[in-house]
Amino acid sequence: MSENVVHLHKPTDPPTPDTTPTVLTVVPDAPPARPVPIWVRSGRAIKTGVTHERTKATVRAAARHGLYTLNGGRIVTRRAWDGRTGSRYERMIRAAEAAGNLEAAEEWEERLQRFRAARHHRRMDLLHSPVEAAKGVAVGAGMSIGALVALGVVMAINTGHVGDVITPLTATIDFIALLIRIVQIVWGPALTIAPFLALLALWSVGRKQQAAPNWALPANVRNGEGEPITPSIVVKALRDLGVPALARAIKEMGDAGASMLGPIRIAGCGVEVDVTLPSGVATNEVQGKRRKLAENLTRHEHEVFITIPEAARTVRLWIADSGALDEPIGPSPLVTDETLTANYKTGRAPWGQDLRGDAAELSVYQRHLLVTGLSNQGKTAALRALALWLALDRTVQFWIADLKGVGDWAPFDGIAKVLIEGPSDSHCIQATEMVEDAVEEMNRRIEAVRKDPTLVFPPLIVLVDEAQKAFMCPAKGEDGRPYGGAKATSRYFMAVREIHNQGRAVDVLMWQGTQDPTDQNLPKLVREGAHTRASLVVGTESQAEMALGAKAVNAGAAPHLLRQGLDKGTLVVASDGITIPAGQSSITVRTHFIDDEPAAEIAARAKALRDGVATLRSIDRTEERDPLADVAAVIGDAARLRTDEVLKRLHALDTAVYREWNNGRLKRLLEEHGEEPKKSHGVMVVRRDDVARALANRNDDGSASAAE
């Protein structure tokens, strides 16, 4: 019977001495836990023992060394068979045929024929060798005995004892008998030990070749993290890629696939190798399995890049050293070299490093630029690094619209002639008007060059950061045309297209940075108009094609495979302004990051080169004009003018003010003063007398109007 435990409970309030009783509560003991059945405990013990790390290590070691011996025997047998037969040559012939190299196949066929002819001669010689060998043994034995007897005669003459004649012969016989006794003693133990020595030799061969499954290998070998890239590792990775035709071809090749590989070259922080694929295997089959190939090479996906060189059926693999791409690159030369200058026409901007560790330098001469990617991946920093370098050329002018408006482009105050900063629709409108003004400047330059081809204008960089805001702006002008959009009615879209079409001829260039490209915020005609296209990480392959073009993506450019956040500042660039390895259509660049403080110092150096630039912080088109007086002025002495001719002359008079004017706006102006256009011979015209009367009536009222 279990014992009871008595607990004393007292109220929480302080008791009075006389009235608070002690409360007794009897709590029975908890029932004892039921014993665990022995079969359950035994199962747990067995499971613990089987799954223990020491048990796993022991099993792996036993399997590993056993398979070393077994597979070592297979390797030795195959080597012996290859040495005695022509199978090696036959494998090489099949490998050359699989690779489509018929010349090599013919050469190996000739070697096989020579091997078979030599083997036939050796076998024919063996038919005559026993008789010749017997004759040789008899002659050798006779000559040896004769020499021993002659030596004995010399000894007998020297000593005067006739018995010394046979002394050398008996000594030789005794020595042979001793050798026979030694062999008789050693033969038994040697027969016992020989199998163990043979197994040890086979184990050694298997161990050198790591001839065991991966799961049975030691932890350091099994992990393989960062192991050097060798031809056998590359071929094995390709064989296990999951492409049946490729696996079969490698298996049939006599050299186990080594003929597919070009030389493995050190390339920066990794290695590079060209792989000629066998017939029946397409390059896109390898491209589509980048992750599996990287893991087969004991690398992460972002550490393996696959590109398509010019050679047919060839892929170029660049394999980084493990962890090398996670190390930062050095500072920009703009920061470290205060004497660095720029030249728009002949210079190249120090943008960063390629994957091989070489300097990546970009020429911006007469090239429109587009940089795109996801948000917060380094797009503005990449654009600003180029602009800071180019600012060191005092001849270059900048018009900048920063539609993010957080101060990234503030260092250009005093460098740029126009600097618009802000994310609102009004800032997008001003950015659009800035680009339209650049179109007018471009047209002015083109007209001037037509009159004087020797004219040279200073380069003008029209830069819009976060350009997707301009494309997506919903505001409309007085004429009803939208500022944003991707149609022919969009003012921003059409202005950018005009600069793309003709700007480079007079050094008016369009640079844009935009996020997350789509057909809505980056129309096809705009992105195709950029000569230099660069992309940070994007979300999908279709976005990669929008950023760089289908040709570059089909040839291996893969910004959609970069790691968001981890590959910040890494760009895939398609441009003829940067050195791209032969046969490739793009290059991956790790850009230098220039922080705000160094950027301000570089900007200060650029300002010191200039004569002082008064930066316009907004586009103001509210200049006071008298539209009615301007209409009277453009009509002049003519009795009447067609309305379209009046609008044309107004536009020529002041493009900034009258750019948006149309027939409706002109009609409203005259109606405000009691007149309106009338028809003459079926065509709308403005009469000089009507305009003069409107001016007289207005002056009598003392009113005036200003252009909107």
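Which loop does Asp 507 lie in? Asp 507 sits in the loop between α15 and β13, with elements taken as DSSP runs numbered from the N terminus (helices are H or I of at least four residues, strands are E of at least two). Keep in mind that this is a predicted model, in which local features need pLDDT of at least 70 and side-chain atom pairs count only at pLDDT 80 or more, while totals for chains, interfaces and linings use all residues. Residues are numbered from 1 along each chain as its sequence is written, and side-chain values use heavy atoms, with hydrogens and water left out.

**The ten-strand sheet**

- The strands of this open sheet come in the order β8-β7-β16-β15-β14-β9-β13-β12-β10-β11, and the pairing is mixed; two strands pair if DSSP finds at least two bridges between them.
- At the edges you'll find β8 (359-362) and β11 (418-421), each pairing on one side only.
- Ignoring direction, neighbouring strands here are turned by 25° against each other on average.
- Inside the sheet, β9 (residues 369-373) and β13 (residues 508-515) run parallel and are joined by five bridges. Gly 373 is the residue opposite Gln 515 of β13.
- Helix α12 (residues 379-391) packs on the sheet, touching several strands, among them β7 (349-354), β10 (397-402) and β12 (460-465). Its direction makes about 160° with that of β13; axes are lines fitted to C-alpha atoms (for helices, over the stretch in contact), and angles run from 0 to 180 degrees between N-to-C directions.
- Helix α15 lies across β12 and β13, at about 135° to β13.

- His 500 belongs to helix α15 (residues 491-502). It counts as buried because its relative accessibility is 8% (buried is under 20% relative accessible area, exposed over 50%, partly exposed in between, with a 1.4 Å probe and protein chains only).
- A polar atom of the His 500 side chain lies 3.5 Å from the backbone oxygen of Val 526.
- Beyond its neighbours within four places in sequence, His 500 is in contact with residues including His 368, Met 510, Gln 512 and Leu 525; contact means heavy atoms within 4.5 Å.
- Asp 507 has a phi near 60°, a positive value in a residue other than glycine. Asp 507 is also buried, at 11% relative accessible area.
- For background, most residues other than glycine have a negative phi.

**Nonpolar cores**

- A nonpolar core here is a set of buried Ala, Val, Leu, Ile, Met, Phe, Trp, Tyr and Cys residues joined through side-chain atoms within 4.5 Å.
- The largest core has 44 residues, of which Trp 351, Leu 390, Phe 398, Phe 412 and Trp 511 touch the most other members. Helix α12 gives the most to this core, with nine residues.
- Leaving out residues up to four places away in sequence, Phe 398 touches a list that includes Leu 390, Phe 412, Ile 415, Leu 460 and Arg 610.
- There's a second, separate core of 35 residues, and Ile 429, Tyr 483, Tyr 492 and Val 508 are among its members.

- Three bridges join β3 (residues 265-267) to β4, and the two run antiparallel. Ala 267 has Gly 270 of β4 as its bridge partner.
- The hairpin of β3 and β4 has two residues between the strands, and in it Gly 268 takes a positive phi near 65°.
- On β6, β4 is joined antiparallel through seven bridges, with Glu 272 opposite Trp 318.
- Arg 313 is in the loop between β5 (304-307) and β6 (314-320). Its phi is near 55°, positive in a residue other than glycine, and it is partly exposed at 34% relative accessibility.

- In α21 (residues 643-653), the buried residues are Thr 643, Val 646, Leu 647 and Leu 650. They cover an arc of only 100° around the axis, so they share the same side of α21; the arc is that of the directions from the helix axis to the C-beta atoms.
- Lys 648 and Ala 652 are exposed on the other side of α21.
- Arg 640 is in strand β17 (residues 640-642) and is partly exposed, at 40% relative accessible area.
- Not counting residues up to four places away in sequence, Arg 640 touches Ser 680, Val 685, Val 686 and Arg 687.
- Arg 640 and Leu 370 are 270 residues apart in sequence and 49 Å apart in space, C-alpha to C-alpha.

Technical notes:
Polar contact = N/O pair within 3.5 Å; in protein donor to acceptor, adjacent residues only side chain to side chain.
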